[in-house]
Amino acid sequence: MLASLGLSGCRGCSESPPPVAQAPVTPENHAVATPHEASAVAEAAAATPVYAGPSSKAADGFQLSTGFLDSNGQPLPQPKAGVSTAIYTTALDPEGHPIGALDRIGASEMLGFLVARDMRHALAAHAVAPVREGADARALTFAPPAGGDHALVAVFRPQGGALHAVISPVSVAGNLPQLMGPGLNGLSLRSETSQEHVELVLLPADRTPSAPLDLQLQDIDNQGHRKGPVNVPIAVLVDPPMGRAMVLEATGEPPMLHWQTPLAGEWLVLIAPKKGEQALAFHLTIPAAPDKR
């Protein structure tokens with residue numbers, strides 16, 4: 001806010017001010033921006049960064065509609081930290097129509113991850129059927145240990161169609177921690193929960209830019225030695241702003257999560273655990289192709 005400055009103690013205010021010397025006019029100090037240049041400057045000043053976070057709509061047009069219910073089935077404005085909450089999640093097609101019939105992903109009709117934006121925690125939940133006969137919504141139930149900004153990643157397959165992942169923003173009330181979580185850079189290719197110790201193995205290990213990549217989950221012992229592969233049906237790759245997700249599906253024998261055309265950048269990899277509700281979370285880096293100029 002600009003404040004106007006008054007003239008206090010003005011001595012000789014009734015006198016005419018002395019003449020101000022004018023600088024000679026030259027082409028250098030006489031340059032004036034053309035209307036076109038001025039417009040370009042104004043447009044640059046008005047430009048704002050494009051929002052790249054969770055928006056309940058994927059790039060392919062598929063969408064999510066969500067609502068929250070407590071353990072007694074009563075509606076909530078938002079989930080609460082430490083309280084079990086059912087997120088009623090409805091998958092929508094690109095025209096905004098509810099998708100009622102979903103093919104199974106393993107034993108579930110919908111797989112969900114609730115991820116704290118600072119990676120304090122990542123939870124997994126499954127919905128095996130609609131919330132009731134004839135309904136379109138599936139219930140993904142979570143009990144987030146802390147409040148703050150989260151992202152709900154829902155994975156589903158329309159009947160006879162391909163797998164889709166859509167990310168919706170979720171704000172959890174209460175119990176905000178004093179320290180931020182580790183963020184994506186605090187993760188690695190190993191993930192440990194209270195019940196699982198696993199490693200994400202990359203083939204080939206050198207992650208050659210633009211070359212196909214296979215991912216395999218390996219169980220590891222207390223000394224960090226690999227004990228053998230763990231078969232999982234899918235893995236979800238999420239970009240750092242948590243606005244874009246891709247699904248890798250296991251194929252082949254032994255089953256591998258195949259990524260035909262890896263995209264350069266940093267990726268959060270989410271895999272549903274075999275036991276418990278803590279999701280397996282990894283940090284995967286795909287190097288950029290070298291500049292050939």
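Select R157 first: in this predicted model, its relative accessible area is 16%, and R157 is therefore buried. Display its side chain together with that of E249. The two form a salt bridge, with 2.7 Å between the closest N and O atoms. Colouring by secondary structure shows how this pair links distant parts of the chain: R157 belongs to strand β8 (residues 148-158), E249 belongs to strand β15 (residues 245-251), and the two residues are 92 apart.

Next, select R190, E199 and R226. These residues are linked in a network of salt bridges. Begin with R190 and E199, whose side chains meet in a salt bridge at 3.6 Å, N to O. Of this pair, R190 counts as partly exposed, with 39% relative accessibility, while E199 is buried, with a relative accessible area of 12%.

Keep E199 selected and turn to R226. Their side chains also meet in a salt bridge, here at 3.2 Å from N to O. E199 is found in strand β11 (residues 197-203) and R226 in strand β13 (residues 226-230), so this contact ties together parts of the chain that lie 27 residues apart in sequence.

To end the tour, display the side chains of Lys, Arg, Asp and Glu throughout the model. How many salt bridges does the count come to? The count comes to seven salt bridges, among them R157 with E249, R190 with E199 and E199 with R226.

Note on methods. Residues numbered from 1 in each chain as written. Predicted model: local features only at pLDDT ≥ 70, side-chain atom pairs only at ≥ 80, totals over all residues. Heavy atoms only, no water. Salt bridge = Lys/Arg side-chain N within 4 Å of Asp/Glu carboxyl O. Helix = DSSP H or I, 4+ residues; strand = E, 2+ residues; numbered from the N terminus. Buried < 20%, exposed > 50% of the residue type's maximum accessible area, 1.4 Å probe, protein only.
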